[in-house]
Amino acid sequence: FEKNALAEMLKYEALKNYEVYYNGYKDKNLQSFWIKTPRGKYTPDFLILKRKDNKKYQNSTKNIKNAEIEKVLILETKGIPYENDDFKAKENFVKKTFLSHNKKFQYHCFVDKENKNDFSKHRNRLLEILKNF
């Protein structure tokens, strides 16, 4: 479901001024964003970053200040078999505790209730989230 979500999201014009990070990449070194919860580590599927003045990240220490992160959108995709008690406890921690201490962050979860791996059904909701991001 998450790979289908990535393929679908990359089609959206609304994402052109954002940086999209996918934590499901095969290289474990790229999966470095996680949140420590009372139930263990929670690694969300996607991070979408909005930088001030729509500036882009540049791999240079002198440019870091000019590309300050303004907002972070955490996106989760869940198939029904994986929406279990462990995930719900971690998600609850993110929503109630983590977000209260990290005002630049937002969190949204998309559940594949029909178990069809079709993220296009969530297109309108994601576009609305991005419009208000």
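Colleague: What should I know before I start?
Modeller: This is a predicted model: local features need pLDDT of at least 70, side-chain atom pairs count only at pLDDT 80 or more, and totals for chains, interfaces and linings use all residues. Residues are numbered from 1 along each chain as its sequence is written, and side-chain values use heavy atoms, with hydrogens and water left out.

Colleague: OK. How many helices and strands does the protein chain have?
Modeller: Three helices and six strands. Helices (H or I, at least four residues) and strands (E, at least two) are DSSP runs, numbered from the N terminus.

Colleague: And which pattern does the protein chain follow along the sequence?
Modeller: The pattern is α-β-β-β-β-β-α-β-α.

Colleague: What percentage of the 133 residues is buried?
Modeller: Buried residues make up 36%. Buried means under 20% relative accessible area, exposed over 50%, and partly exposed in between (1.4 Å probe, protein chains only).

Colleague: What does the accessible surface come to?
Modeller: About 8,600 Å² for the protein chain, with 47% of that belonging to carbon and sulfur atoms. The areas come from the Shrake-Rupley method with a 1.4 Å probe; for residues, only the protein chains shown count as cover.

Colleague: Let's go inside. Which residues touch the most other members in the largest nonpolar core?
Modeller: M9, I48, L75, F119 and L126, out of 17 residues. A nonpolar core is a set of buried Ala, Val, Leu, Ile, Met, Phe, Trp, Tyr and Cys residues joined through side-chain atoms within 4.5 Å.

Colleague: Which elements give two or more residues to this core?
Modeller: α1 (2–9), β4 (46–51), β5 (69–79) and α3 (123–131). The largest share comes from α3, with three residues. Apart from this core lies another, of 14 residues, among them I35, I74, F98 and L99.

Colleague: Back to L75. What is L75 in contact with?
Modeller: Leave aside neighbours within four places in sequence. Then L75 is in contact with M9, P44, D45, F46, I48, H108, F110 and L126. Contact means heavy atoms within 4.5 Å. L75 in β5 is also the bridge partner of F46.

Colleague: How do β4 and β5 pair, parallel or antiparallel?
Modeller: Antiparallel, over six bridges. Two strands pair if DSSP finds at least two bridges between them.

Colleague: And β5 with β6, parallel or antiparallel?
Modeller: Parallel, over eight bridges. In β6, C109 is the bridge partner of E76, and F110 is the bridge partner of T77.

Colleague: How many residues of β5 are buried?
Modeller: Eight of the 11, so β5 is largely enclosed by the rest of the structure. β6 is mostly covered, with six of its eight residues buried.

Colleague: You mentioned E76. Is that one buried or exposed?
Modeller: E76 is buried, with a relative accessible area of 1%. E76 lies in strand β5. Not counting residues up to four places away in sequence, E76 touches Y42, T43, P44, D45, F87, Y107, H108, C109 and F110.

Colleague: New topic: rings. How many aromatic pairs are there?
Modeller: Seven. Rings of Phe, Tyr and Trp (its six-membered ring) pair if their centres lie within 6.5 Å; planes under 30 degrees apart count as stacked, over 60 as edge-to-face and the rest as tilted.

Colleague: Why is the pair of F33 and F105 stacked?
Modeller: The ring centres of F33 and F105 are 6.3 Å apart and the planes are at 15°, so the pair is stacked. F33 is in the loop between β1 (19–22) and β2 (35–37), while F105 is in strand β6 (residues 105–112), 72 residues apart. F33 is partly exposed, at 22% relative accessible area.

Colleague: What about F98 and F105?
Modeller: That pair is edge-to-face, 5.2 Å centre to centre with 85° between the planes. Both F98 and F105 are buried.

Colleague: Which residues do ring pairs link into a cluster?
Modeller: F1, F110 and F119.

Colleague: Which charged end sits over the ring of F110?
Modeller: The one of R125, 4.6 Å from the ring centre. The charged end of K78 sits over the ring of F87, 4.6 Å from its centre. The rule: NZ of Lys or CZ of Arg is within 6 Å of the ring centre and within 35 degrees of the ring normal.

Colleague: Last one. Where is N115 found?
Modeller: In the loop between β6 and α3. N115 is exposed, with a relative accessible area of 52%. Its phi is near 55°, a positive value in a residue other than glycine.
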